[in-house]
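Please work through the exercises below with the sequence and the model at hand. Each task is followed by a worked solution.

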Amino acid sequence: MSDKLPTVVVGAGVIGIAIARELAMAGKQVIILEQTESFGTQVSSRNSGVIHAGLYYSTNSLKAQLCVRGKQLLYDYCQQRHIQHKRIGKLVVATNQQDMVKLDRLTSQGMVNGVSDLNIIRSEQIKELEPNISAIAALHSPSTGIIDVHDLLVNLLSDVERHDGIIAYHSRVDSVEKTKQGFLMHISVKDELSDTYEDYPLECQQLVNAAGLGAQSLARTITDFPQALIPNQFLAKGNYFALEGKSPFNHLIYPLPNSAGLGAHSLVDFQGRVRFGPDVEWVDHINYDVSEERKAMFIDQIQRYYPALDPSKLHSDFAGIRPKIVGPDTGTTDFMIQSKTEHGFAGLVNLFGIESPGLTSSLAIAEYCKNLLLSAN
């Protein structure tokens, strides 16, 4: 493989840009290919913007390790670059006695994962922190926070470009061939003047598939890649509803998690507004419409811990799509990050199923992928 050839990262979401940044800072010539007109247009811009602590994930899983590591990296980076963020903290609430076993289990799992600042508080303490919440107990996670995702993306991309990295928009990867030196990519690049696409071959030494919702489709274009290693993709739409007026909460408020997600929790933004979500709606294709028909379900879930909710002030807001690799009633699974060890293709890293806590883990995922690629040289 030739060090004169660039490293290509496909996908300009937070994961792709973070990986490109890490590789560029390690001295690699990096090109980011993005098929849309800008960065962060899909998963990265349509999530809750929460910096997670690392409570929910299986012991020794990539999600657990990379979330806890990524959280600290992200807070440090935000402070260094003056990116808007806040350690607002969160409460995971138990509203009945049956929830207490789950709450204790979640607390123990968080501590096993290395989250050392957790404590369970009772109803009296909850009322002191959150007078509008009805719960018999809550897990307090003070290191959970919120972040301005757009500001983060701008700073990460600035680092890439400062280290001579390049980003090419309107660049769609049609196919990839393995070569002796690396990969030959066939790209369709949009001509802005004629609004047509032109074929463009690009050779690269290493290839990172961080295409998010398009990761499986990209992997299928790689000549002779073992198709059995490409996981199925399931689209889990997450809808959000916004509440009129100032937030009634000082913290993020979470119900206990379910098999497909973390439940319809409250999200406070930097302007003091509150949203609830995401729920889980399994869909067959990408669309971002939020149906008012889902409002009744949101009201039911929210009123379990916020009984004073005025339903007339709750309105549909926005939606995102999680790129899951397991379907309904299958439970949870880990990030899937494939390298030569799994598929035998030197210089190729595929990232599948990078859902929550992908944003929190982004800088740690970047470290992880850099180490996979550099150790393969």
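**Exercises on a pocket and salt bridges**

The lining of the second largest pocket comprises 10 nonpolar, 10 polar and 4 charged residues. Nonpolar here covers Ala, Val, Leu, Ile, Met, Phe, Trp, Tyr, Cys and Pro, charged covers Asp, Glu, Lys and Arg, and the others, Gly among them, are polar. This is a predicted model, in which local features need pLDDT of at least 70 and side-chain atom pairs pLDDT 80 or more, while totals for chains, interfaces and linings use all residues. Residues are numbered from 1 along each chain as its sequence is written, and side-chain values use heavy atoms, without hydrogens and water.

**Exercise 1.** State which salt bridges D159 forms with R21 and R81.

*Solution.*
Step 1. A salt bridge requires a side-chain nitrogen of Lys or Arg within 4 Å of a carboxyl oxygen of Asp or Glu.
Step 2. R21 meets D159 at 2.7 Å, N to O.
Step 3. D159 also meets R81, at 2.5 Å, N to O.
Step 4. R21, R81, D159 and R162 are linked in a network of salt bridges.

**Exercise 2.** Determine whether E355 and K324 are buried or exposed.

*Solution.*
Step 1. Buried means under 20% relative accessible area, exposed over 50%, and partly exposed in between (1.4 Å probe, protein chains only).
Step 2. E355 has 11% relative accessibility, so E355 is buried.
Step 3. K324 has 6%, so K324 is buried.
Step 4. The side chains of E355 and K324 meet in a salt bridge of 2.8 Å, N to O.
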